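Subject: Handing over the structure

Hi,

Here's the structure I promised to pass on to you.

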Amino acid sequence: MTHAPLKQAPLWDGLILGPALATLAGDTGYGAIADGALGWRDGRIMFAGARSGLPDAPDALAREVFRGDGWITPGLVDCHTHVVFAGDRAVEFEQRLQGASYEDIARAGGGILSTVRAVRAASEDALLAQSLPRAQALLRDGVTTLEIKSGYGLDEDNERKMLRVARRIGETLGIEVRTTYLAAHALPPEYSGSEPAGRADAYIDAVIDWLPRLHGEGLVDAVDAFCESIGFSPTQTRRVFEAARALGLPVKLHADQLSDLGGAALAAEFGGLSADHIEHSSEAGVQAMAAHGTVAVLLPGAFHVLRETKLPPLDLLRAHGVPMAVATDCNPGTSPLLSLRQAMQLACTHFKLTPEEALRGATVHGARALGLHDRGRLQVGQRADFVHWRIGQPADLCYWLGGELAQAVYAGGRQPA
Ligand code: NIG
Ligand code: FE
């Protein structure tokens, strides 16, 4: 009698042996595993554990086997950026050093509006050419999922151009880009005039009008607004959120960055994925975030560059169990920051996050701030997004300022461009 050959499970695409793993598997601690093994196939993690626990000889398991030391962490998730822009604002940096405030510069027609002029003047290809190196820099330091906002176009065609460039960055680099529609970022010149408040309402009408078309073109994953005295009021923000909700789009918010307008609670009321900045949020805002599962996105780059002194309500966030993400907020005005690892460093030095909180903030909590649950931990079934670092301990990621610590970055099981 003949036997049918045993059906062989397909080999894994790759297997790395030897580095320690920071799996972040539980709710606390690094989930550290010494002398680890990480195997993946078809973009998913097949094994993440101790090398001694592998089910077979490495060569029988994977087509390619690598050996090394150092540490492997989940791929970093930068959940709040404005990397698509043209030009720069180094002049404003110098003005602020001479005493001008961010709000002064904005009210004088600089700030966000200066970048709007540069973005409108750039072709889509030129905008891509200027923005791509920034995304590449983030990727080289470990970012495998990148959120990118619009908000420097402020008319339908230029918002579309920005969102298209964001998508093209993801396609070009082979990392996942999540787009956020932020047309409610500033009042464009066409709407500024003698009756600013009334004109702002008319602009919000336009923002709401453009959204379904851009969403229909597959360009929008979430909706954001700048709720601030130099941005839009809570009432105007609410209207934008209602439009997002009608389309089934999740919301997030630039909330309580410079003053407390109740932005954190407003984002939470709409089941927001995140409330971002939140330096001035009250305890009621934090409680609302806890009740609705809204993530706090900490942006220490903007805090640092603007030389802010008001800290986000860190103890309240911890006390109420609000997950804290950390992101670069990479933008030409308040945070020209091209490394999420550097943002983690700033979160530790300015906000006294522990290195473990900072790593969770840049992985599992960052993913959650984008509504993503398939990444951010090294676990079987998660996306094979991970970084192999030349470090002796996870705290090194926050300890070094600068440097090239990533020896290999994998997104969906592949080393991106
Ligand atoms: O997240 N605060 C509003 N938006 C950005 C800054 C944008 C800019 O100044 O260009 C921020 O800090
Ligand atoms: Fe921002």
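Let's start at the ligand: a polar side-chain atom of His 254 lies 3.0 Å from an oxygen atom of ligand 1. That's a polar contact, meaning a pair of N or O atoms within 3.5 Å (within protein, one must be able to donate a hydrogen and the other to accept it, and residues adjacent in sequence count only if both atoms are side-chain atoms). Arg 89 has a side-chain N or O atom 2.8 Å from an oxygen atom of ligand 1, and for Gln 257 the distance is 2.9 Å, to a nitrogen atom of the ligand. Taken alone, ligand 1 exposes 320 Å², and the protein buries 100% of that (areas by the Shrake-Rupley method with a 1.4 Å probe; for residues, only the protein chains shown count as cover).

Before you go on, keep in mind that this is a predicted model: local features need pLDDT of at least 70, side-chain atom pairs count only at pLDDT 80 or more, and totals for chains, interfaces and linings use all residues. Residues are numbered from 1 along each chain as its sequence is written, chains are lettered from A and ligands numbered from 1 in the order in which they are written, and side-chain values use heavy atoms, with hydrogens and water left out.

Which residues are closest to ligand 1? Of the 15 that surround it (a heavy atom within 4 Å), they are Arg 89, Tyr 102, Tyr 152, Asp 329 and Thr 334. This shell has four nonpolar, nine polar and two charged residues (Ala, Val, Leu, Ile, Met, Phe, Trp, Tyr, Cys and Pro are nonpolar; Asp, Glu, Lys and Arg charged; the others, Gly among them, polar).

And where does ligand 1 sit? In the largest cavity, where "sits" means that more than half of its atoms lie within 2 Å of the grid points. On a 1 Å grid over the protein atoms alone, a cavity is a set of points where a 1.4 Å probe fits but cannot get out, while a pocket is an open set with protein on both sides within 12 Å along at least five of seven lines; lining residues have an atom within 4 Å of a point. Points are joined across faces, edges and corners, and a volume is the space filled by probe spheres on them. The largest cavity holds about 100 Å³. Its lining has 13 residues, with His 82, Tyr 102, His 185, Asn 331 and Thr 334 closest to the centre.

Now the pockets. The largest has about 520 Å³ of space and 22 lining residues, with Ala 106, Leu 187, Ser 229, Ile 230 and Gly 231 nearest its centre. α7 gives the most to this lining, four residues (helices are DSSP runs of H or I, at least four residues, numbered from the N terminus). The second largest pocket has about 330 Å³.

Cheers

How values were computed: Helix = DSSP H or I, 4+ residues; strand = E, 2+ residues; numbered from the N terminus.
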